[in-house]
Amino acid sequence: MSGIPLHDVDAARAADQALRDHAGQARHWHLADLFAEDAERFQRLSLSACGLLADFSKQRLNPETLDKLRGLAHARGLDAWMRCLFEGGEVNWTEGRAAMHWRLREPGREEGKDDPVRDQLARMERMVTRILSGQWRGCEGDAITDVVNVGVGGSDLGPLMASVALHEHRPANGQRPRLHFVSSMDGSQIVPLLDELNPATTLIVLSSKSFTTVDTLSNAATARYWLEQAFPDRNGAVLRCHFIGVSAMPERMSEWGIHEDNQLLFWEWVGGRYSLWSTIGLPIALTIGMDGFRELLAGAHDLDRHFREAPWEANLPVLMGLVDVWNLNYLDITARAVLPYDGRLKHWPAYVEQLEMESNGKSVDRDGELVDYHTCPVIWGEVGPNAQHAFYQLLHQGTQPVACEFIAAARHGLDGNSAELRPLEEQHSLTLANCLAQSRLLALGDRALDDDGDTPAYKRYRGNQPSTTLLMDELTPRHLGALVALYEHKVFVQAVLWGINPFDQWGVEMGKKIAKDMIRVLESGEGSDGLDASTRALAGYIRAQQSS
Ligand code: F6P
């Protein structure tokens, strides 16, 4: 890289240069040596807050590295940007908006004062109570047994990830409908799903901030057709009893046919990928009840306070953001693997991929200039134990450096005295053992093993693959809330250092438009003349196949 974008120009240039000089040495470090040299390395480079422990000691850095990175953050004006975020300033400057997802989880909302956040939460609570208590009835008078969330991107990934992660945390009354998620525009999820469901007892939740996303609207149309076929002549009742809408655009929901009483709102100032705290979280509340949902918000608020108040030496999002910048911009590690060692977190990698890559996959800075350094790394992931049998080969013996992120819960959280749950507890420990063994081998390489020195090269482990391990004390709504907020703020910290806007997504907006013209080309061939040779030929091939 040729230098981080500058804020206090001279200070930032000096901090950047100091880091590059330091990286010149760090490139020769091996994690096995760093551990051998410093018995206190874990104590110096780990931190816990809000029920989360972050261990950075397996990263290729030392306390001096973090000092220097903090120097860069100061020069880049991180403190001013943090104030701006929490004062509701226009941190999303390309869309002229604040980003106030953190406001959704502020406690102590006063009665009597005008407060749309509180009002929408209360509205959502009434719906949740009606659904969970069996009072919400289908158009034939049946209680709801199945809820289908139809949404995509931020209107799918957050609720899906959290609902699956927390499915063991039943609401107080123990009742809940089965929950399904449909996102893919091709019908491959919704068609077989509807085949299995009973229309009389199914409730569809249309989740879309813009209420224009074609993926969601095409699935919504299929669901509506299915219900209308099941109950011909009852169009009004079908819409009234079987559809809820969640959006920032009430007029569009009404136009589509969502009854006003069935509309839940959120606002422009909540980014799609930051929206699980809003009424977009309805599926989460149906999974864990409103008390559980409030716990999730409380955990995120704990982390908000930590981010605002903790000194940077002990500030989890700041440190995580700085470590990622170190890996990417100074050690040139351009890939990161997200590896939850807990099947309940199986949707965590997809959630993080959107959060980070849609937020920070940018190349134009605040001054409208193209940046000449990397911003977001390429991020991918999978449940760790499964990934061990898939792509860990590359992590251990491939040619690429990859920063790894291990995430696990220290306690499973079930009653260990129950005989029938014993195997689950044992399996949880087995999984944690794998997690620790893998991060150790990746860091130390052969030196983690009893090696007789006679091992052929193809059986050797280079090591020095850096990783962070994040442990939740337990996978509870509160700790998951803190974990998600940690990542949100980390993304913000990185964006400030890179001088980019993490709250817009112009790169994907066009995708919502360009397909429209292509549909015409596929259907009639009309407009294909203006296309490039590849697209024209592919469209022609598809047309020929479809008409054969
Ligand atoms: O893919 C782009 C995007 O705008 C995401 O940011 C968003 O989460 C997703 O589409 C869904 O958008 P909406 O909630 O408006 O349907």
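Start at the largest pocket, which holds about 1100 Å³ of space. Keep in mind that this is a predicted model.

Select Ser210, Thr213, Gln505, Glu509 and Lys512. Of the 39 residues lining the largest pocket, these are the closest to its centre. Now colour α9 (214-230), α14 (348-360) and α19 (506-524). Each gives two or more residues to the lining of this pocket. Which element gives the most? It is α19, with eight residues. Colour the lining by type next: 13 residues are nonpolar, 15 polar and 11 charged.

Move on to the largest nonpolar core, a set of 119 residues. Show Ile244, Trp348, Leu480, Leu483 and Tyr487, which have the most contacts inside this core. Then select helix α18 (residues 477-498). This helix gives the most to the core, with 14 residues.

Zoom in on Leu480. Leaving out residues up to four places away in sequence, Leu480 touches Met161, Ala162, Ala165, Leu166, Leu296, Leu345, Met472 and Leu475. Another core, of 24 residues, lies apart from the largest one. Cys139, Phe211, Cys241 and Met253 are among its residues.

Last stop: the aromatic rings. There are 13 aromatic pairs. Select Trp267 and Trp269. Their ring centres are 5.2 Å apart and their planes meet at 5°, so the pair is stacked. Trp267 has 17% relative accessibility, so it counts as buried. Trp269, at 18%, counts as buried too.

Next, pick Phe391 and Tyr392. This pair is tilted, with 6.0 Å centre to centre and 40° between the planes. Is Tyr392 buried or exposed? Tyr392 is buried, with a relative accessible area of 1%.

Finish with Phe86, Trp102 and Phe307, which form one aromatic cluster.

Definitions and conventions. Residues numbered from 1 in each chain as written. Predicted model: local features only at pLDDT ≥ 70, side-chain atom pairs only at ≥ 80, totals over all residues. Heavy atoms only, no water. Core = buried A, V, L, I, M, F, W, Y, C linked by side-chain atoms within 4.5 Å. Buried < 20%, exposed > 50% of the residue type's maximum accessible area, 1.4 Å probe, protein only. Helix = DSSP H or I, 4+ residues; strand = E, 2+ residues; numbered from the N terminus. Contact = heavy atoms within 4.5 Å. 1 Å grid on protein atoms, 1.4 Å probe; cavity = no way out; pocket = protein on both sides within 12 Å on 5 of 7 lines; lining within 4 Å. Points joined across faces, edges and corners; volume = space filled by probe spheres on them. Nonpolar A, V, L, I, M, F, W, Y, C, P; charged D, E, K, R; others polar. Phe/Tyr/Trp six-rings, centres within 6.5 Å; stacked < 30°, edge-to-face > 60°.
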